[in-house]
Amino acid sequence: QVKLVESGGGLVQPGGSLRLSCAASGAITSITMMGWYRQTPGQERELVAQVVSDHITNYSGAVEGRFTISRDSAHNSVYLQMDNLKSEDTAVYYCHAMIQSSPWQPNRPYWGQGTQVTVSS
(Lines give C-alpha, C1' and ligand atoms only; values in the text may rest on other atoms or scores of the structure.)
Protein backbone atom coordinates (compact mmCIF):
# COMPACT_ATOMS: atom_id res chain seq x y z
CA GLN A 1 0.00 0.00 0.00
CA VAL A 2 1.51 3.29 -1.13
CA LYS A 3 0.88 6.40 0.91
CA LEU A 4 1.78 10.06 0.42
CA VAL A 5 1.93 12.24 3.53
CA GLU A 6 2.18 16.03 3.30
CA SER A 7 3.18 18.57 5.91
CA GLY A 8 4.09 22.23 6.16
CA GLY A 9 0.88 24.08 5.37
CA GLY A 10 -0.45 26.92 7.49
CA LEU A 11 -1.27 30.60 7.71
CA VAL A 12 1.19 33.17 6.40
CA GLN A 13 1.06 36.87 5.60
CA PRO A 14 1.35 38.14 2.01
CA GLY A 15 5.01 38.24 1.00
CA GLY A 16 5.88 35.45 3.41
CA SER A 17 7.21 31.95 2.79
CA LEU A 18 6.21 28.38 3.50
CA ARG A 19 7.80 25.03 2.68
CA LEU A 20 5.68 22.00 1.94
CA SER A 21 6.99 18.48 2.29
CA CYS A 22 5.67 15.19 0.98
CA ALA A 23 7.01 11.70 1.67
CA ALA A 24 5.97 8.54 -0.12
CA SER A 25 6.03 5.25 1.74
CA GLY A 26 4.96 1.65 1.24
CA ALA A 27 5.60 -0.75 -1.61
CA ILE A 28 7.61 1.38 -4.05
CA THR A 29 9.69 0.07 -6.92
CA SER A 30 10.19 3.39 -8.68
CA ILE A 31 8.84 6.96 -8.79
CA THR A 32 8.93 8.64 -12.17
CA MET A 33 7.35 11.94 -11.21
CA MET A 34 6.43 13.89 -8.09
CA GLY A 35 4.62 17.17 -7.94
CA TRP A 36 2.15 19.52 -6.30
CA TYR A 37 -1.36 20.52 -7.27
CA ARG A 38 -3.73 22.95 -5.56
CA GLN A 39 -7.46 23.39 -5.38
CA THR A 40 -9.83 26.09 -4.16
CA PRO A 41 -13.57 25.62 -3.50
CA GLY A 42 -15.56 25.28 -6.70
CA GLN A 43 -12.45 25.08 -8.86
CA GLU A 44 -10.67 22.20 -10.54
CA ARG A 45 -7.40 20.96 -9.14
CA GLU A 46 -4.53 22.64 -10.97
CA LEU A 47 -0.88 21.84 -11.42
CA VAL A 48 1.51 23.97 -9.40
CA ALA A 49 4.85 22.30 -10.09
CA GLN A 50 6.29 18.90 -10.89
CA VAL A 51 9.70 17.26 -11.16
CA VAL A 52 10.34 14.40 -13.55
CA SER A 53 13.28 12.02 -13.30
CA ASP A 54 14.86 14.07 -10.50
CA HIS A 55 15.85 17.13 -12.46
CA ILE A 56 13.28 18.13 -15.08
CA THR A 57 10.94 20.70 -13.54
CA ASN A 58 7.73 22.29 -14.73
CA TYR A 59 5.89 25.21 -13.12
CA SER A 60 2.57 26.89 -13.68
CA GLY A 61 2.86 30.44 -14.90
CA ALA A 62 1.18 31.70 -11.72
CA VAL A 63 4.01 30.51 -9.48
CA GLU A 64 7.11 30.48 -11.69
CA GLY A 65 9.84 32.58 -10.14
CA ARG A 66 8.28 32.42 -6.67
CA PHE A 67 8.03 28.67 -5.97
CA THR A 68 10.80 26.07 -6.16
CA ILE A 69 10.23 22.33 -6.33
CA SER A 70 12.90 19.85 -5.31
CA ARG A 71 13.08 16.11 -4.87
CA ASP A 72 15.03 13.81 -2.58
CA SER A 73 14.94 10.46 -4.35
CA ALA A 74 16.81 8.69 -1.57
CA HIS A 75 13.90 9.44 0.76
CA ASN A 76 11.07 9.32 -1.79
CA SER A 77 10.27 12.92 -0.93
CA VAL A 78 9.39 16.13 -2.70
CA TYR A 79 9.40 19.68 -1.39
CA LEU A 80 7.82 22.94 -2.46
CA GLN A 81 9.47 26.15 -1.30
CA MET A 82 6.94 28.94 -1.66
CA ASP A 83 8.24 32.51 -1.46
CA ASN A 84 6.57 35.89 -1.93
CA LEU A 85 3.20 34.31 -1.27
CA LYS A 86 0.08 36.08 -2.46
CA SER A 87 -3.53 35.85 -1.33
CA GLU A 88 -4.37 34.04 -4.57
CA ASP A 89 -2.05 31.21 -3.53
CA THR A 90 -4.55 30.29 -0.81
CA ALA A 91 -5.69 26.72 -1.51
CA VAL A 92 -5.45 23.13 -0.42
CA TYR A 93 -2.18 21.76 -1.78
CA TYR A 94 -1.97 18.11 -2.80
CA CYS A 95 1.10 16.01 -3.33
CA HIS A 96 0.99 13.81 -6.43
CA ALA A 97 3.27 11.05 -7.63
CA MET A 98 3.46 8.46 -10.39
CA ILE A 99 4.64 5.31 -8.66
CA GLN A 100 5.37 1.76 -9.73
CA SER A 101 4.63 -0.38 -6.72
CA SER A 102 6.03 -3.64 -8.12
CA PRO A 103 8.09 -4.63 -11.20
CA TRP A 104 5.08 -6.17 -12.93
CA GLN A 105 2.73 -3.23 -12.33
CA PRO A 106 2.45 -0.08 -14.44
CA ASN A 107 2.93 3.39 -12.97
CA ARG A 108 -0.13 4.61 -11.11
CA PRO A 109 -1.08 8.05 -9.80
CA TYR A 110 -1.19 8.56 -6.04
CA TRP A 111 -2.41 11.57 -4.05
CA GLY A 112 -1.79 12.89 -0.60
CA GLN A 113 -4.57 14.00 1.73
CA GLY A 114 -3.93 17.70 1.14
CA THR A 115 -2.61 20.49 3.31
CA GLN A 116 -4.19 23.93 3.67
CA VAL A 117 -2.19 27.03 2.77
CA THR A 118 -3.78 30.35 3.70
CA VAL A 119 -2.20 33.65 2.74
CA SER A 120 -3.83 36.50 4.60
CA SER A 121 -2.97 39.57 6.63
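Mentor: Happy to! Let us begin with a term: contact means heavy atoms within 4.5 Å. With neighbours within four places in sequence left aside, Thr 115 is in contact with Glu 6, Gly 9, Leu 20, Ala 91, Val 92 and Tyr 93.

A word on the ground rules. This is a predicted model, in which local features need pLDDT of at least 70 and side-chain atom pairs count only at pLDDT 80 or more, while totals for chains, interfaces and linings use all residues. Residues are numbered from 1 along each chain as its sequence is written, and side-chain values use heavy atoms, with hydrogens and water left out.

Now, is Thr 115 buried or exposed? Thr 115 counts as buried because its relative accessibility is 11%, and buried means under 20% relative accessible area (1.4 Å probe, protein chains only). A polar atom of the Thr 115 side chain lies 3.3 Å from the backbone nitrogen of Gly 9.

Thr 115 belongs to strand β11, residues 115–119. Strands here are DSSP runs of E, at least two residues, numbered from the N terminus. Two strands pair if DSSP finds at least two bridges between them. Strands of a sheet pair through backbone hydrogen bonds, either parallel or antiparallel.

Which strand pairs with β11 over 3 bridges? That is β9, and the pairing is antiparallel. Within this pairing, Val 92 has Gln 116 of β11 as its bridge partner. Val 92 is also among the contacts of Thr 115.

Strand β9 (residues 91–100) is largely enclosed by the rest of the structure, because 8 of its 10 residues are buried. Strand β4 (residues 30–39) is joined to β9 by 9 bridges and runs antiparallel to it; there, Tyr 37 stands opposite Tyr 94. Strand β10 (residues 108–111) is joined to β9 by 4 bridges, again antiparallel, with Ala 97 opposite Tyr 110.

β1 (3–7) is an edge strand, pairing on one side only. β1 pairs with β3 (residues 18–25) in the antiparallel sense over 5 bridges, and Ser 7 stands opposite Ser 21 in β3. Both strands belong to an open, antiparallel sheet of 4 strands in the order β1-β3-β8-β7.

Notes: Buried means under 20% relative accessible area, exposed over 50%, partly exposed in between (1.4 Å probe, protein chains only). A polar contact is a pair of N or O atoms within 3.5 Å; within protein, one must be able to donate a hydrogen and the other to accept it, and residues adjacent in sequence count only if both atoms are side-chain atoms.
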